[in-house]
Structures are given as structure tokens and as C-alpha cells.
Amino acid sequence: MPTSSLEVADIFRAAGDSYRAAQAGHLSLAQLKVMSAIQNCRTAALGGHVEGCDDCGHLRIAYNSCRNRHCPKCQGAAARTWLAEREADLLPVGYFHVVFTLPAEVADIAWQNKAVVYDLLFRAASETMMTIAADPRHLGARIGITAVLHTWGSAMTHHPHVHMIVPGGGISPDGLRWVASRAGFLLPVRVLGKLFRRLFLSRLLELHHAGRLAFFGAKADLADPRTFAHHLMSLRKKRWVVYAKPPFAGPEAVLAYLARYTHRVAISNRRLITFDEASVTFRYKDYRRTGPERQQVMTLDTHEFMRRFLLHVLPRGFHRIRHYGLLASSTRKASIARARELLAVSPPAEPADPVEPSDPLPPCPCCGGRMRIIETFGRWNQPRAPPHAPATTRMVPS
């Protein structure tokens, strides 16, 4: 199948049944639901509507989206909505990109305990940032953090890490001034790595003592407290790398980055190249290389491709985007307002008149006119054949 039309949904539709049969009893309910959602997305299985052009009468059938957060086709609209809400929070300061990654020895534990270990990753990383930033020897301020969990590498292997977007500065402990970070530098990464390692491992051990970790298969021996403690010993001596990228070039660049990262899934449709029922070929980045050689092509057995994709299905109700410090939801508005006041920046202007919502439907492909919904139909149904042409009077979308 050519790359221009190939989608993850095509692979699931063609090989989903055989993969379910081969993995019977080994797939979680969440994984099965993701498979079904992606297969049914924008098909008659979810129902849809008929759109009609007011000007030329052109008719178009549109099927409903699954809106599953793991579906490659459904993240664009969600990202746009989320970004519109975040735009008002941006401050006129430099922003930094910080990445906290779990070592491979812990990633294996996380795979078998997704909810508790991913949550611990968020808590340990955010507390590390907040603690070091509040230290007068470093920044001496309360900062704001937007954190996004990714669980994959470019080849869809299990690689849990948290991306953080952090303003270059914060509010002083007494709340009376804005403390700006140094140009091009936020916090020392070696100090961050040491505290992150200590916080994460101590709390991981607490989770084990509380019986909140489960182990099976090759990791079953880690259920023994002594074996688990021994497993963590080598990690206490290992350097945990925290990566801090150069600051963004202005708030617009921050939004562009967030648009790429906040609602990303394990692989996008545009990275797929070919699918021949037996195997899937796709593009990926080999970060061990530089320059043009970084862009590589990989071919996987179809079932292995699906296994890797489903590795990254998150537990139900798990929040993969979180906010801390100045951006925590409970105090976000007050904190942002105070930061703007200290920076002597006017708040965003409120629109004088309510803005009419933009038309969510694409324009008519024939004449560019306005399309309206003239008929809806339920799951597994089809519109009346042929659909009724739109009336000449204005119609309110259903």
C-alpha cells in the first residue's frame, strides 16, 4: 500500500483479527478497546453525517471519529483545542525544554506497573525541578511546569520519559519579584539527575514495600524484597541523565513545540511507508547518529509492529499532560496574573464582542462554498440513498 494513503488503521483492519487470536489472553481490555477504536475510526461503524453545500448543492458523507487518545487520526483537533487554552498562559520570557528519562532497568518495571510507575516518574521529576529551582543557590524561585509523558522511542520501543516546558524564571518566595534565570541556562542538569535518582528510587522501594508493584514472567523474582533491593543497588551508582535543551526562540516556538508533542502517539500515519500484510515499513530516527544518517527505515513483522504500538496504551484515566507550580490548575490563573504583574506585562485583551465560532466543516471542494450538516445517521447505518440535497434556506447544523 502506498505511503500517501497508508494508515495505522489499515494495518489493524487487515491483521487485527489474527493478532487478537495469536495473543488471546495476553491483551488487556484497554489494548483491545484501542484496537477497535482505531479500526472503526471514520467508518460506518461509528455513524456520521451528510454535508451539503449552500451554493452548488454538492454532497459529502463524513464518518465520525473515535476520539481515542491513541488514534493517529484524532489528535489534531484535540491538540488545537488544548493549545488555544494554553496560549493565554504564555509569559514573555525564555522557555526551556527539560527531559527526564528512566533507565532501561526501571523501564522494564514500569512496563509491568504502568499506572504507579508512570505516576512516580511525573512526581519525582516535577519535585526535582521545583526543589532545585527553589534553592537560593540556584534560582531561588517558584517555577511553572508543563509536563508531557512519552513512553516510546522513535522505533516504538518502550522508552518512558517526561518532556517539560519551563519558563526561564519564577516568582520569589515572598511573591514580590520575578526571578529571571540566566541567559541560556536554567538549572544544573547533574544536580537535577542526582536528586531525581534519589527521589525516584526511594519511592519505588516504598511502593514495593507497600505491595503496589506486580512482577511476572522474567521479572517474577523481583517480587522478593532482597532481590528487588539488590536490583536497585546498581541503579544508585548509575548516572541518571537529565537533558536540558537550549531555550526556545520566543513563545511562538513554545506553542509550535507543544503542538508536536502534547498529543503525539507512538507513530503517526505520515511515517508509514509500505504494508504488505506480512510486514510494515516505516521511518524512524536513530539518535545515535547525526546528520542525514539519523533518518532510517525499519521493517517489522506485522504482529511485532502491532505489539510495539500497543505497548504504549496508557491505563484508563491516566493523565499524560500535567501542570505543576505556577501552572497547577488550582492556582494557575492567580499565579499567571501575578507573574504578568511582576513582569510589567498587560494581560491578554478580552474580545469586546463574542467571536462567532469558526465553521468546523471544510469548504465545498467544488465551489469553496459553505458546507452544512443536512442529515445524520447512526452506527453501522448509511445515509439515505441518494442523500437529500440541501434546502435553499439556511439550516442549523445538527
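**Note on salt bridges and a helix pair**

1. Glu7 has a relative accessibility of 23%, so this residue counts as partly exposed. The term covers values between the other two classes: buried is under 20% relative accessible area and exposed is over 50% (1.4 Å probe, protein chains only). This is a predicted model, where local features need pLDDT of at least 70, side-chain atom pairs count only at pLDDT 80 or more, and totals for chains, interfaces and linings use all residues. Residues are numbered from 1 along each chain as its sequence is written, and side-chain values use heavy atoms, with hydrogens and water left out.

2. Which side chain does Glu7 meet in a salt bridge? The partner is Lys73, at 3.2 Å from N to O. A salt bridge here is a side-chain nitrogen of Lys or Arg within 4 Å of a carboxyl oxygen of Asp or Glu. Glu7 sits in the segment before helix H1 (8-22), and Lys73 in the loop between strand E2 (59-63) and helix H3 (75-86). The two are 66 residues apart, so the pair links distant parts of the chain. Lys73 is buried, at 17% relative accessible area. Helices (H or I, at least four residues) and strands (E, at least two) are DSSP runs, numbered from the N terminus.

3. Asp108 and Lys219 also join in a salt bridge, 3.5 Å from N to O. Asp108 is in helix H4 (residues 104-112) and Lys219 in the loop between H6 and helix H7 (225-237), so the bridge ties together parts 111 residues apart in sequence. Asp108 is partly exposed at 36%. Lys219 is partly exposed too, at 22%.

4. How many salt bridges does a search of the whole structure find? The count is 17. Asp119, Arg123 and Arg322 are linked in a network of them.

5. Now the helix pair. The axes of H5 (residues 114-134) and H6 (residues 189-209) come within 9 Å and cross at roughly 140°. Axes are lines fitted to C-alpha atoms, for helices over the stretch in contact, and angles run from 0 to 180 degrees between N-to-C directions. H5 and H6 are therefore oblique to each other. Angles under 35 degrees count as roughly parallel, over 145 as roughly antiparallel, 65 to 115 as roughly perpendicular, and the rest as oblique.
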